[in-house]
Every structure is written in structure tokens, then in C-alpha cells.
Amino acid sequence: MIDHKKVRVRFAPSPTGPLHMGGVRTALYNYLFAKKHQGDFILRIEDTDQQRFVAGAEEYIIASLKWCGILPNEGVGFAEGPFSPYRQSERKDLYKTYVETLIRNGHAYYAFDTASSLDQLRKEREQQGSSFAYGPQNRHQLFNSLNMTAAEVLQRLNEGTPYVVRIKVPENDLIVVHDLIRGEVEMHTSQMDDKVLFKSDGMPTYHLANVVDDHLMEITHVIRGEEWLPSAPLHVLLYKSFGWESTMPKFAHLPLLLKPDGNGKLSKRDGDRLGFPVFPLNWTDPLTGEQSKGYKEQGYIPEAFVNMLAHLGWHAADDQEIYSMEALIEAFSLERVSKSGAKFDPDKTKWYNEVYLRSSTDQHLAMLFLPIVQEQLTKSIPSRHLCTSAGHLIDAESLLAYCNKAVALVKDKAQFINEFWDLCNYLFVAPITIDTTILAKKWKPPYETFFIKFADALSTLTSMEATQAEKLHTAIANDLALKPGEVMQLLRIMVSGQGSGVNLFEMIALLGGKESSTRIEQNLKKWLQTLSTDAAASRQ
RNA sequence: GGCCCGUUCGUCUAGGGGUUAGGACGUAUCCCUUUCACGGAUAAAACACGAGUUCGAUUCUCGUACGGGCUACCA
């Protein structure tokens, strides 16, 4: 059977908290599949549980998808398409009419059992070492419309007795779910129970709302997490009961994301414990005030995050690891999604970011680095060379140009933009302390002359290339019968305070002759003072 | 417990009846190098186990073990 229908898929989270990275991956696979087949990708908010609703969660989901570049064609927070509304709480009345149809056709029934009576039954069965399931075996002994006359049912309904609606699972049938990833999954109806479809608060359960909406919104493929596989037969049964079998969507159940160590599903706790984000964006719980870190704020590049996520459970036939969103769309197929759960690897995630960082343009990185620099500069004593003569910080435009050059020097040394400042703050602010441990180890008296001469030569240069600084360095060293290499690390300390860092001569060129020579003179003086006081101390 | 799904290096995975079982992350060593990196090279590292089918099984079948999920008027 060839399907000519336009592909339409959906991501349907419930706003019960921040969107987990596993959820982002589900959204991503839906998005990739839709784009691959020139289809539509829909965001539907499944807010049928009033108890678990969390303020801000919906906005968080939308913002997360936007940051990742996973953009729905229709849905809450995006374009309102022809199937509006996309928030289930706003579709409340709809579900009731559908559930009534089911009751009329004998596929569902009213149940008046109280939650506590069912709890009691569960407890009793548990103590006996078995379990309780509301279904074909016992539904004729329970408090529901199957065991009442129509008049009795009507009376209770009119009296306002709280009720739920349950599906009436057939007693002897085999339900087959055709899963695009797992093949045929069979379940006998004797293993299923009469799940609640409609709650006493007037809201549908996930099962009902999901099937009704997917049908109404003309969804062709349901791509969701593996935790839904056990209830997939129930959903198939619902499609059958509604008479929608011919247009039933195809199913694909994605493998779960697992903890990096140990066993089990990846959870927020693991991130806290092992020190990596589990959420795309920072999140503060509105009730507890508890904070969770996000990939964005930790300095991850969204493309790297998406690339990593795509490979947690999917892989193309080749050995390629780096895929842009366009390349992912091109290469993606549900058939190549793996069946087994994937343990999340924080190290590989960092590596992905490193790769994307290195391939980013200096311009782009400078834009991201600029606000960090501005914040740091206002915190610390302004660096002389980044001030105007009046003592104000240089303007943002010039600072951006400077960042551009700085970024070019550090980007190969970092995995994250957040590390840039620690790695090269001496390019912006003169060092307060210098590494005297290395100086003490390598210092020889003749070096003093070298530094004086070098600083002197630099002070006259307004602008220079790195090669110029290097030639100058070599020439002066040679004049003093020194090997250029032996003073290099010491020179680095005189300029940056540290024994390691960005390319030495590029650094000097960027700082400029005047700033470099000033730093050398001051730090040399500081060092010589340290030497003499140490000498005085040891003489006593 | 019951039901469902799964199992290739430590991790993500490619492969698939006959292969030196491939790649990536991580790890180790070496090269490059003023430092730290980048880069380059090399190495160690896997088919859960037991039967069956077969000339031959990591690949197919069954079982066992192990792992995961579900088992709410949560999604």
C-alpha cells in the first residue's frame, strides 16, 4: 500500500517541568523525519494533568526548541495552523463527544469505583503476591455501568456521582503494533486492562487525547519514546474502536537515553551528580527555586548539541560523525534508529562542542565572547591599553574587533566559549601577579639586559606583526649571545604573568609595542625586587 | 511478580552466514612544538552465555542470563 498522504508528525510534551534532553531528541527525530519527507512538524502541548502543571514549562519547551533550531510548522508558540488549538486543555470539550461515541458503541463504559476502593484492591492483591488489573476478569464484579441497568447509570450520572470512562478491552484478541523500528509487536488483549480514558475531572487521559488528536490533526507517524511501547496496543485498539484503522498513523518507538554509569533512565539527578546538564536551557523551579543548568548557558553551541543528540540512537551507514542539520535531514531514516537504549556520554558531547567551536568563524565567536569580556572588564580594574586616554573603556565596536583577534588565538585551546576568558584574560587586563616559581627556576642575571633592550625596542613600535616581534626577539638575544629559546618562557611571564598561553609573538603583536614594553618593564622591576629581598633574607 | 523491548571494544556505533569485526569518544605512547593546545601517527580494547540449523554462526532459531521500560483517574 503506497501512502500518498503528506507526512505529518508531532512532538507532544506535557508542561510538567523543563524539557529533558531525551525529549529534545524525540522532537529532533520528529523534525528530521518531517523535513526529510517534506512534511509538517507540529508542537502539541499535552496539558491534561492539572495537578502536575508547572508554570513556565510551556515557554521553556518553546524556547528550547528555538535554541536548537527544531522549529515546528504549526503549534503552540509557533504558527497557528488549520488544526488549532494545539493545547489539549483548550480541546477539552472535543474529547467528551468522542468518548461518548465509544460508550454508545460498546467500546467503553462508565466506572464509579472510587480511587480509594481501587487502591484497597491493589493493596490486597499485592499482599497475596499478585497484582490488580481492572479488566475482563473482574469488571463484572466492580462498580460500573456494565453491571447496571441503563436507568441506574442515568440516575448516578444525574446525581453527579463522580465517574471515569474505561475502555472495554476485548476478551480474546491479538493486537499487533507495526513498529518502524522494532517490527511487529504483539500483545494479547488478555494481558491488557481497561485503562481510564476519561477522568472524573472532565479531562481525557493521555491515551484518549493522544489518539483523538493524532487522528484529527492527520498525523501520519507517531515517533515517541520507548516508554510508550507497552501502551501502543491500547492505542491501536482505540483506533480500531473509533473505526479509524485505515488512517491509523505508523508507530516508531525510540530507544531510551540511559545514565552514563550504572543502570536506568537518564535523569536530572545524574546531571547533578556527574556534572553535566540534562536540560537544553537553564531552569529554575517556580515552586522550590531549585536551579538546573542548561547546555546553552554552559557554553554549548546548539548545532553541536543537536549533532550529539542525533547520534544517540541513530547512525548513518558511513563513519561520518559531524552532521549539520541539513545533512541530518538528508541522511535520516527511522530504519537506522537503533533498538537498544543509549548511555549518554558527557565526554563525547564536549568533543562535539570542541569540533564546532574550532570550525566556527572568529567573527561569530567574537560576538559571543564580547558580552563576557564586557562583563569581566566592568568587574576588574580596567586594563590600560583597553582604555581611552580619558580612562574610559574603549567602545564596543573596537572591543569587538579586538575580541576577534583574541578569539583567533585561543579558540584551538578551548572546548567552550566560557573558557575563553580564563584562557586569555591577560590579553585584556594586565596581570597582577607573575609566576615567580618558573622565574626562580630559569632566571640568569644576563637576562635582565635582554628584557630592558627588548622592552625598549618594543616601546617605539606602534603596530607590528608577530613575525616582527619574533625577529626583534631573536636579534636582541643573539646580540647578547643568548639562545632565543632560553628566554622565551620568561618573556611570556613578563608579558602575561603566566608560563603558558597563546602564541607568544601573536600575543605581543596584539597587545601592541607600548603595552607590551610597559608590562615587561613593570614585571621585570617587580621580579628584581623579589630577587633582592630574597637575597637579603637568605643572608641573614 | 506479570507483560513488552533489548544485548558488537569502557561509551556511541558500523557490519552481517566465511571479515585482520570498521569508525568515533575516552585512555596510553610517540611525532610536531618556546608553553598549553591543535594536528599527525600508533597501541590496548568488543560480537553475554548455552544449545540448534549449517561445510561454516558474531550474523538465523530457541533457551538462559543480564539490562531496560510499563504495570495510576501521570504523561
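In which sense do β4 and strand β5 (residues 164-167) pair, and over how many bridges?

Modeller: The pairing of β4 and β5 is antiparallel, over 4 bridges. This is a predicted model, in which local features need pLDDT of at least 70 and side-chain atom pairs count only at pLDDT 80 or more, while totals for chains, interfaces and linings use all residues. Residues are numbered from 1 along each chain as its sequence is written, and chains are lettered from A and ligands numbered from 1 in the order in which they are written.

Helices (H or I, at least four residues) and strands (E, at least two) are DSSP runs, numbered from the N terminus. Two strands pair if DSSP finds at least two bridges between them.

Look at Tyr109 in this pairing: its bridge partner in β5 is Arg166. The open sheet has 3 strands, in the order β4-β5-β8, with antiparallel pairing. β4 (108-111) and β8 (196-198) stand at the edges with a single partner strand each, so one side of each has no neighbour in the sheet. From one strand to the next, the twist averages 45°. Helix α3 (residues 92-104) packs on this sheet and touches β4, β5 and β8. The direction of α3 makes about 105° with that of β4. Such angles run from 0 to 180 degrees between N-to-C directions, with axes fitted to C-alpha atoms, for helices over the stretch in contact.

The buried residues of α7 (232-242) pack against α3, β5, β6, β7, α6 (206-216) and β10 (250-254). Buried means 20 or more other C-beta atoms within 10 Å of a residue's own, exposed means 12 or fewer, and partly exposed is in between; C-beta atoms are placed from the backbone. α7 is mostly covered, with 8 of its 11 residues buried. Among them are Pro233, His235 and Ser241. Just after α7, Gly243 takes a positive phi of about 80°.

Leu229 is partly exposed, because 18 other C-beta atoms lie within 10 Å. Beyond its neighbours within four places in sequence, Leu229 is in contact (C-beta atoms, placed from the backbone, within 7 Å) with Val185 and His253.

Next, β7 (183-188). Strand β6 (residues 174-179) runs antiparallel to β7, and 6 bridges join the two. A hairpin of 3 residues links β6 to β7. Leu174 stands opposite His188 in β7.

Near means a C-beta atom, placed from the backbone, within 6 Å. There are 61 residues around RNA strand B, and Glu46, Ser200, Asn263, Ser340 and Ser500 come nearest. The largest share of this surface, 4 residues, comes from α18.

The largest nonpolar core has 128 residues, and Leu28, Leu309 and Met507 have the most contacts inside it. A nonpolar core is a set of buried Ala, Val, Leu, Ile, Met, Phe, Trp, Tyr and Cys residues joined through C-beta atoms within 7 Å. Helix α1 (residues 21-36) gives the most to this core, with 9 residues. Leaving aside neighbours within four places in sequence, Met507 is in contact with residues including Leu409, Leu427 and Val495.

Methods
Two residues are in contact if their C-beta atoms, placed from the backbone, lie within 7 Å.
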